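Please look at the sequence and the model together before reading on. The paragraphs below begin with one residue and then widen to the chain as a whole.

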Amino acid sequence: MRRVVILWAAALLLTACQACQVLGPDSASTASRTPASPAPGSGFGTLFLGVGECSSFGTTSFTEVPCGGERAAARVVARHDGEVGEGPLCPPTTDFVLHIGAQPTQTGTDSAGFIPQGYACMRNLQPPHPGDPGAGGGPRTIVGDCVGGTDGGRVRETACDGSGAGTPRYEVTKAVDVRAHCPASTALYVQLGGDTHPVGCARPL
């Protein structure tokens with residue numbers, strides 16, 4: 001029986017780090033995510049949308065489907081419990097994130113008969129891959145990505161080839177532990193998040 005993830009905000013499906021904060025002395029990072037919650041159901045493994053499992057795409061819902069089927073569109077590359085802001089970051093080239101709210105299952109086949117709250121890091125099975133470096137999308141800003149001009153201390157990620165909504169003005173060329181480790185050509189410091197190499201060194205284009 002299929003299991004379905006109902007979107008809270010379907011319009012945020014393929015978003016990048018849309019408002020990454022420019023680093024100041026005590027800056028923190030922000031990144032948009034794709035909220036969703038599951039409808040009751042049962043699926044192909046003991047965990048709803050576990051690592052290696054696949055989902056279909058939809059305007060209002062995601063369904064867990066066999067990866068070899070014609071409806072399969074994206075694969076889970078990482079799966080974590082809890083809220084995305086409190087758990088581990090998704091892999092760098094994640095295309096989008098599904099937030100999964102805790103709900104009972106129809107058959108009780110999951111642990112304790114419910115789908116736990118968590119989030120699934122998704123990678124499209126076929127291009128385009130908005131999470132790739134320079135593509136202008138995905139939930140994270142990584143080395144190789146480009147950002148537009150600053151706006152109130154924030155920059156917006158956009159495609160490096162100019163095909164996105166904004167004009168690329170800086171490219172993140174390196175990730176380091178502290179700003180002092182950035183190369184001399186750095187014109188902008190971007191908070192990338194995470195415990196290792198959280199500072200992005202960006203050069204002007």
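Leu49 has a relative accessible area of 0% and is therefore buried, where buried means under 20% relative accessible area, exposed means over 50%, and partly exposed lies in between, with a 1.4 Å probe and protein chains only. Leu49 is found in the loop between β3 (36-38) and β4, and its phi is near 50 degrees, a positive value in a residue other than glycine. Most residues other than glycine have a negative phi, and most peptide bonds are trans.

This is a predicted model, in which local features need pLDDT of at least 70 and side-chain atom pairs count only at pLDDT 80 or more, while totals for chains, interfaces and linings use all residues. Residues are numbered from 1 along each chain as its sequence is written, and side-chain values use heavy atoms, with hydrogens and water left out.

A positive phi, about 50 degrees, is also found at His197, which is not a glycine. His197 sits in the loop between β15 (188-191) and β16 (199-204) and, with a relative accessible area of 41%, is partly exposed. The backbone has a further feature at the peptide bond from Pro127 to Pro128, which is cis with omega near 5 degrees; Pro128 belongs to the loop between β10 (118-124) and β11 (146-147).

Turning to the side chains, a search of the whole structure finds one aromatic pair, the criterion being that rings of Phe, Tyr and Trp (its six-membered ring) have centres within 6.5 Å, with planes under 30 degrees apart counted as stacked, over 60 as edge-to-face and the rest as tilted. The partners are Phe57 and Phe96, in a tilted arrangement with 5.5 Å centre to centre and 55 degrees between the planes. Because Phe57 lies in the loop between β4 (54-55) and β5 (61-65) and Phe96 in strand β7 (residues 96-100), the pair ties together parts that are 39 residues apart in sequence. Phe57 is partly exposed at 42% relative accessibility, whereas Phe96 is buried at 1%.

For the chain as a whole, the protein has zero helices and 16 strands, these being DSSP runs numbered from the N terminus (helices H or I of at least four residues, strands E of at least two). Buried residues make up 44% of the 205 residues. Among contacts (heavy atoms within 4.5 Å) with a separation of 6 or more, 59% are between residues 24 or more positions apart.
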